[in-house]
Amino acid sequence: MTGTRRSDRRPAPGSPVARVCVDVPLAHLDRPFDYLVPAELDAEALPGVRVKVRFAGQLVDGWLLERVERSDHPRLAYLEKVVSPVPVLAPEIAQLARAVADRYAGSLADVLRLAVPPRHARVEKELGGTAPPADTAPTGADAVPVDPRGWRDYPAGPAFLRALTGGRAPRAVWSALPGEDWAARYADAVAATVAGGRGALVVVADARDLDRLDVALTGTLGPDRHVCLSAALGPARRYRAFLAARRGEAPVVIGTRAAMFAPVGRLGLVAIWDDGDDLHAEPRAPYPHAREVLLTRAQLGGAAALVGGYARTAEAQLLVETSWAREVVADRATVRARTPAIVPTGDDPQLARDPGAATARLPSLAWTTARDTLRADAPVLVQVPRRGYLPSVACADCRTPARCPHCAGPLALPSAAGTPACRWCGRVAAAYACPECGGRRLRASVTGARRTAEELGRAFPGVPVRTSGREEVLTTVPAGAGLVIATPGAEPVAEAGYGAVLLLDSWALLTRADLRAGEEALRRWLTAAALARPASAGGRVVVVADGALAPVQALLRWDAAWFAARELAERRELGFPPAVKMASVTGPAEAVADLLAGARLPDDAEVLGPVPADEGRERMLVRVPRARAAALAEALHTAAGQRTARKAADPVRLQVDPLSLF
DNA sequence: GTCTTGAAATCG
DNA sequence: GATTTCAAGACG
């Protein structure tokens, strides 16, 4: 940065010590290190800038966390360089990152890597100037239209908006009505917050939801009051958007998971839509979940929180039951008035009467519903299983799900022609015979979207067929007769709503070997069924599933809260999250054993396992009461640090609140 | 991760 | 006694 020779350097006159988080991946180095600020870097070496320091002889990247008067360390090295004078790491984000690292048994450096996008020098240059970001949150003088009408179907809704405008910190778990324009309601909440002179941050699961929210916010606040932030923008545009947020150019930030750490001035509201979507879980260490990060921000910053969806996760239910948040729901009469007519049906094509149904492998009720809806010139949405899953298998004769003879886990076909193997214990079931009918033939229970589309197209000749899935996701489809085949999460919105929604992938969803199978099935159904017209306008939903199952019951009654309460109660009984705190330790067997042997776990910790994981590694679960969560995370992080300090070769992966337990 | 350190191992 | 090797420890 300057030509000053090393021997000529002298410390800056005021607060000459910089506390630096060095960017090294070792758990035992997860603490600040002190450096001297040379006088010539005094002006640039501000908290939040990226720096280079000499660490163990080599130059490493780091974050300047704070400037202080003195250090306990006797001999300090000088800061080598300020990489960029832009203090990209806001103080409250540094504090948040520390809290997230602690919660997830991870290192601050790991979290900061997620929190601040990679620098893009050209973008920084084009913005020019080195002015530190001003605290340019909105002022109360802003004329922001607040319209409480959209929330009046929810008795607690208008008061929630008033509290946002009034600068308070209400926390809501919101169950959206079928047909609800959730993006517009989020825009209302954001506008109410901005009207009160505060900023807001909203996280959604994917690009399509982000587009909807972007449009809704542009409608209420205009185009210039919010910044969209997502990894899909690419490095340059992402960094530009991040800098805009950091400089306080707009009071509102919306985005996908990557935005959960975005700096927002005078944060008044954090919100997440559809927190059950697994895209909200960060796949990089320490695997933080957007909902938890946002709630941590609300807690640390005294901000309001909004956790909304058509469905409700057990985690959201826990917020309600612990009184951390209040539920915002419509009364039953309103729910009934908005809900489409929902009926379950068995999985048996009625071959004789409807040749078309048999061709399309549709249960006859689904087929007649589709036919009648198309005749009435209304669109039909068909939700089919997503490709790419390991197909689960069932008896080809009686359709009993094929289960492992050894552990009763679900069998799956690793490839189309392969031998079925158990998804839980990995044993190969070469000579499988169905326990119900003795049949030896198996069939995949999942049919691809494309094939379903082709078959339906043949069943209803002359009707336009559109597909929305991984390759191409449609945002909207026109009103009028048409078939829309969509995989979960890719359902387009229909103008004026769908006349019918057919939910065909229930079997694949409900037999998944997962703690959340029921919750996830219901979430996907509600999300698709919410796009149907109300029953009064002819809207119908057919779900191909046993009407006695709890998730199906919850769908029929449109009662996500009931299901979430039931689910949480069940998990309490079984000792599963979120009723308890779980962490998983994954790696080579010896490494896992070594880490757990060295960890000073809380007294009441239970160690479960091992469970085989992929590539010959194994996985142990540690369970503690929720009150011990912090102690568990700390013990695991410390134990990981002991291993890295000892140069233990095998890496061990720590996950707090792992998304899947099996 | 890399670099330093000090004690043990090896060599002439 | 001098030189090399290696594991342990520190890293500001």
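Which side chain has an N or O atom 3.2 Å from a sugar or linking oxygen of DNA strand B? The side chain of Gln58 does. The points below start from there.

1. **Basis.** This is a predicted model: local features need pLDDT of at least 70, side-chain atom pairs count only at pLDDT 80 or more, and totals for chains, interfaces and linings use all residues. Residues are numbered from 1 along each chain as its sequence is written, chains are lettered from A and ligands numbered from 1 in the order in which they are written, and side-chain values use heavy atoms, with hydrogens and water left out.

2. **Overall fold.** Chain A holds 19 helices and 28 strands. Helices (H or I, at least four residues) and strands (E, at least two) are DSSP runs, numbered from the N terminus. Of the 662 residues in chain A, 54% are buried. Buried means under 20% relative accessible area, exposed over 50%, and partly exposed in between (1.4 Å probe, protein chains only). Take the contacts in chain A with a separation of 6 or more: 73% of them join residues 24 or more positions apart. Contact means heavy atoms within 4.5 Å.

3. **DNA strand B.** Leu26, His28, Leu29, Phe55, Ala56, Gln58 and Lys647 surround DNA strand B. A residue is near a strand if one of its heavy atoms lies within 4 Å of it. Of the DNA strand B atoms that come within 4 Å of the protein, 35% belong to sugar and phosphate. Ala56 places a polar backbone atom 3.2 Å from a sugar or linking oxygen of DNA strand B. Lys647 works on a base instead: a polar side-chain atom lies 3.3 Å from a base oxygen. A polar contact is a pair of N or O atoms within 3.5 Å; within protein, one must be able to donate a hydrogen and the other to accept it, and residues adjacent in sequence count only if both atoms are side-chain atoms.

4. An unreviewed UniProt entry assigns "domain: Primosomal protein N' 3' DNA-binding" to residues 19-117. UniProt positions are given in the numbering used here, feature names are shortened, and annotations may be inferred rather than shown by experiment. The span is 21% helix and 31% strand, with its end C-alpha atoms 21 Å apart.

5. **Helix H2.** Helix H2 (residues 108-115) is mostly covered, with 7 of its 8 residues buried. Asp110 is one of the buried residues. The cover includes strand E1 (17-22), strand E4 (58-68), helix H1 (91-103) and helix H7 (235-246).

6. **Arg50.** Arg50 sits in strand E3 (residues 50-55). Arg50 is buried yet has no salt bridge. A salt bridge is a side-chain nitrogen of Lys or Arg within 4 Å of a carboxyl oxygen of Asp or Glu. The nearest side chain of opposite charge is Glu124, 5.6 Å away. The side chain of Arg50 does reach the backbone oxygen of Pro117, at 3.0 Å. Beyond four places in sequence, the contacts of Arg50 include Trp63, Arg119 and Tyr239.

7. UniProt (unreviewed entry) places a "binding site" at Cys395, Cys398, Cys434 and Cys437. They span 43 residues in sequence, yet no two of their C-alpha atoms are more than 8.6 Å apart, so they gather at one spot. Cys395 is in strand E15 (residues 393-395) and is buried, at 1% relative accessible area. Cys434 lies in the loop between strand E17 (421-422) and strand E18 (442-444). Cys434 is buried too, at 4% relative accessibility. Cys395 is in contact with Cys434 and Cys437, among others. The contacts of Cys434 include Cys398, Thr400 and Gly439.

Definitions and conventions:
Lys and Arg count as positive and Asp and Glu as negative; His and the chain ends are not counted.
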